[in-house]
Amino acid sequence: MTNALNILQAAAIDTIEEHPELSHHILGIFDGAPPRAVFPYVSLGDAIMSDWGTKTEIGREIRFPLTIWESSDDPSRISELVGHLEDAVAAIPRDLNGWHIASLVFLRSIIVRDPVGPWAGLVEYRFRLLAT
């Protein structure tokens with residue numbers, strides 16, 4: 001059985017890259033914070049994975065954070081990009097390689113800015129997957 005987190009991350013990356021708005025605006029998707037990246041970009045955060053199985057089925061619960069980084073002075077720009085990121089996550093296919101997404105729940109979102117740095121728009125989801 002393949003690792004549920006790896007499969008989910010790959011599906012998220014594919015879906016973000018195929019999103020009609022995000023694909024034209026972001027310059028990369030990275031696993032963690034990249035050194036010297038050009039804005040805007042998306043970084044995959046540290047996910048938390050736990051057991052979500054039953055007596056008869058293997059399952060995983062994954063808390064999955066994504067952050068979009070933007071250096072624009074216009075605060076509406078980061079809000080727009082976060083909205084597109086949320087749309088992309090909602091479009092992740094429910095049937096993945098060896099796993100089925102049984103539940104996808106939005107947990108939280110926050111937009112912040114370092115006074116001397118870029119905007120950060122964090123969105124976090126809870127995925128519950130069952131092995132197929």
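## Getting started

Buried means under 20% relative accessible area. By that cut-off, glutamate 61 is buried, because its relative accessible area is 13%. Keep this residue in mind as we walk through the structure, which is a predicted model.

## Salt bridges

How many salt bridges are there? The count comes to 5. One of them joins glutamate 61 to arginine 128, with 2.8 Å between the closest N and O atoms. This pair links distant parts of the chain, since glutamate 61 sits in strand 4 and arginine 128 in strand 7, 67 residues apart. The two partners can be told apart by accessibility: glutamate 61 is buried at 13%, whereas arginine 128 counts as partly exposed at 22%.

Another salt bridge brings together the side chains of glutamate 124 and arginine 108, at 2.6 Å from N to O. Glutamate 124 belongs to strand 7 and arginine 108 to strand 6, so this pair ties together parts that are 16 residues apart in sequence. Glutamate 124 counts as buried, with 10% relative accessibility, while arginine 108 is partly exposed at 46%. Then there is glutamate 70, whose side chain meets that of arginine 77 in a salt bridge of 3.2 Å, N to O. Is glutamate 70 buried or exposed? At 5% relative accessibility, glutamate 70 is buried.

In soluble globular proteins, nonpolar side chains tend to be buried together. Here, the largest nonpolar core holds 31 residues, and the members that touch the most others are Ile16, Phe64, Leu66, Ile68 and Phe127. At least two core residues come from each of helix 1 (4-18), strand 2, strand 4 (59-70), helix 3 (75-90), strand 6 (99-113) and strand 7 (119-131). Helix 1 supplies the largest share, 7 residues.

For a closer look, take isoleucine 16. Leaving aside neighbours within four places in sequence, isoleucine 16 is in contact with residues including Leu22, Ile26, Val42, Leu66 and Leu85.

Let us finish with a residue in strand 2, which covers residues 41-44: serine 43. Its relative accessibility is 6%, so serine 43 counts as buried.

Which side chain does serine 43 join through a polar contact of 3.1 Å? The partner is the side chain of tryptophan 69. Not counting residues up to four places away in sequence, serine 43 touches Phe30, Gly32, Pro65, Leu66, Thr67 and Trp69.

How values were computed: Residues numbered from 1 in each chain as written. Predicted model: local features only at pLDDT ≥ 70, side-chain atom pairs only at ≥ 80, totals over all residues. Heavy atoms only, no water. Helix = DSSP H or I, 4+ residues; strand = E, 2+ residues; numbered from the N terminus. Buried < 20%, exposed > 50% of the residue type's maximum accessible area, 1.4 Å probe, protein only. Polar contact = N/O pair within 3.5 Å; in protein donor to acceptor, adjacent residues only side chain to side chain. Contact = heavy atoms within 4.5 Å. Core = buried A, V, L, I, M, F, W, Y, C linked by side-chain atoms within 4.5 Å. Salt bridge = Lys/Arg side-chain N within 4 Å of Asp/Glu carboxyl O.
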